[in-house]
Amino acid sequence: MATIGENIKKYRMKQRLTQDDLAKKANVKYSTLTKIEGNVVTRPSVQTVAKIAESLGVQMEELLK
């Protein structure tokens, strides 16, 4: 089962976005995004996940499964 960080990375890579690109697009700190993708932060806030999901054009559920 994939982690939320792995799911975010998968969708980010499909769109050919760098971590910096996605962080700016989602209006989240670069360091926050790298920690989520690196599984350092395993339970990001709902608000953060919502911003990232919206920026990637996917439903939050896609990132959480």
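**Close-up views of helix packing in a predicted model**

**View 1. Helix α1 against helix α4.** Helix α1 (residues 4-14) and helix α4 (residues 46-56) pack at an angle of about 25°, and their axes are 10 Å apart, which makes α1 roughly parallel to α4 (angles under 35 degrees count as such). Axes are lines fitted to C-alpha atoms, for helices over the stretch in contact, with angles from 0 to 180 degrees between N-to-C directions, and helices are DSSP runs (H or I) of at least four residues, numbered from the N terminus. From α1, the residues I4, I8, Y11 and R12 meet V49, I52 and L56 of α4, where contact means heavy atoms within 4.5 Å. By class, this contact of α1 with α4 has 6 nonpolar, no polar and 1 charged residues. The model is predicted, with local features needing pLDDT of at least 70 and side-chain atom pairs counting only at pLDDT 80 or more, whereas totals for chains, interfaces and linings use all residues. Residues are numbered from 1 along each chain as its sequence is written, and side-chain values use heavy atoms, with hydrogens and water left out.

View 2. Y11 is buried, with a relative accessible area of 13% (buried means under 20%, with a 1.4 Å probe and protein chains only). Leaving aside residues up to four places away in sequence, Y11 touches L56, V58, E62 and L63. Of these, L63 lies 52 residues from Y11 in sequence, while their C-alpha atoms are 8.6 Å apart in space.

**View 3. Helix α2 against helix α3.** In α2, Q19, D20, L22 and A23 meet Y30, L33, T34 and E37 in α3.

Notes. Helices (H or I, at least four residues) and strands (E, at least two) are DSSP runs, numbered from the N terminus. Angles under 35 degrees count as roughly parallel, over 145 as roughly antiparallel, 65 to 115 as roughly perpendicular and the rest as oblique. Ala, Val, Leu, Ile, Met, Phe, Trp, Tyr, Cys and Pro count as nonpolar, Asp, Glu, Lys and Arg as charged, and the others, Gly among them, as polar. Buried means under 20% relative accessible area, exposed over 50%, partly exposed in between (1.4 Å probe, protein chains only).
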